[in-house]
Amino acid sequence: MSRKPVVLLAATLLLPLTGCGGDAEAGDGSTVTVTVGYQSKTINTVTAGTLLRSLGYFERELAARGKREGVTYKVKWQDYATGAPITAQMTAGKIDIGSMGDFPLLINATRGKQLHRPTRLVSVTGYNLRGGLNTIVTAPGSKLSSLKDLRGKKVSTSVGSAADGTLVRALQRADIDPEKDIRKLNQQPAVGASALQAGSTDALSQFVAWPGLLAFQGKAQALYDGAELNLPTFHGVTAREDFAKERPAVLEDFLRAQADATEYLRKQPVAAAESVAKATGLPAEVVYLYNGAHGIATFGPALKPELVDALKKDVPVLKSAKLVGDVDVDAFVDDQYVKRAYGNGYAKALTAAPAPARSELWLKGKNTTRSFATPVELLRQVAAAPGQVRAAYVPDATTGTRWFADKAVWVADGTKLLPFVTRSAAAAYVTGHAGARTVSYAEALKQVS
């Protein structure tokens, strides 16, 4: 399935973006514009959005098709902060293909059916089989140390998002009523981040890349790792049914381009992170936390059964919030296009496993990283390279969720040094292991020196 990257001609990129919604341009009928909605800063959608756009792979596919058919194809990219406006534009017939998280996908399916503009889930972008893409964070130095501390507090999230789903499920497991026992603030991610800094909310539950960004900037600390739920979460690509039926070959072109962008990300993860960082303004170190070789997100377009099953389990959560009614997930999922785009490689893609969790070191001035089997090995290398470390990543000792080494909570247990994303996870380990104690990052580095 892989191909050598092809640089799109500047002239093609500069073509005027006329027409919309996949319809032929008024006049000669020889120009077709395909409109793609994406979320540039939701960086586990990059293979269907930010990275794909920068690589020009979809335009390349359409240029070849146009040459064969005698038609001019153009791509109109529309960037949004969340999935909700993409759904609104799709149900208005103004976006043909869009990418969003699992909870917004179900709302997309519901709205499409209600408004007689049905959509279909046609591929996956990035996923985490335990749920580690969503995190609840608090302000640095906050006295809140566990979910139970959220009772009676203000929590910002984007209602109907995957992060909201994580918040609801996590609170329910902690015997906290998400509707009555907290004050939920429905805010866009950037607004919620500002509210956390201003002290007008006690906690923030958000999706990739906001928790990692705020932690990296020293503006937040993790309170709850979504991977503790041990439920898959993912983002995917949805297409209007009428568009898919009218132009199935174009949709397959998009999915082939997405697969090629996925291959590029896998083979050149640092270059991909730098590209996404340049396009979004996010620090490359944060992009790599999620999208790197051993990142929190695993990328692959295949509609894996475990992800479809997880989507079905999401329906009751959204129903209880009165955001959807019954959703026929099996009818919403349509794998025929991605199967044809992949060809014989699809069966293998369905069973491909995520890369094993490893510690990883990115030194300044390097365009590659080094991975290590244990956090202690990484710490030794960090200690031996003062002032040279651009970023160091370690997997949580319990969930495997990757976090910045200097933002992790470290536990010393004899000769072992174990990193955790949250204080509560570290405390739980210490309670169960006599002699174990939490130590600072500086102490951990000193211990291996």
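**Stop 1: the largest pocket**

By class, 22 nonpolar, 12 polar and seven charged residues make up the lining of the largest pocket. (Ala, Val, Leu, Ile, Met, Phe, Trp, Tyr, Cys and Pro count as nonpolar, Asp, Glu, Lys and Arg as charged, and the others, Gly among them, as polar.) Before going on: this is a predicted model, where local features need pLDDT of at least 70, side-chain atom pairs count only at pLDDT 80 or more, and totals for chains, interfaces and linings use all residues. Residues are numbered from 1 along each chain as its sequence is written, and side-chain values use heavy atoms, with hydrogens and water left out.

The volume of this pocket is about 830 Å³. Select T298, F299, A353, P354 and A355: of the 41 lining residues, these are the closest to the centre. A pocket here is an open set of points on a 1 Å grid over the protein atoms alone, where a 1.4 Å probe fits, with protein on both sides within 12 Å along at least five of seven lines; lining residues have an atom within 4 Å of a point. The volume is the space filled by probe spheres set on the points, which are joined across faces, edges and corners.

Now colour α10 (248-267), which supplies the largest share of the lining, four residues. (Helices, H or I with at least four residues, and strands, E with at least two, are DSSP runs numbered from the N terminus.)

**Stop 2: an aromatic cluster**

Select F216, Y288, W362, Y393, W403 and F404, which form one aromatic cluster. Zoom in on Y288 and W362: this pair is tilted, at 5.4 Å centre to centre with 50° between the planes. (Rings of Phe, Tyr and Trp, its six-membered ring, pair if their centres lie within 6.5 Å; planes under 30 degrees apart count as stacked, over 60 as edge-to-face and the rest as tilted.) Y288 sits in helix α12 and W362 in strand β12, 74 residues apart. Are Y288 and W362 buried or exposed? Both are buried (under 20% relative accessible area; exposed is over 50%, with a 1.4 Å probe and protein chains only).

**Stop 3: a loop**

Finally, pick D175, in the loop between α6 (162-173) and β7 (183-186). D175 is exposed, with a relative accessible area of 62%.
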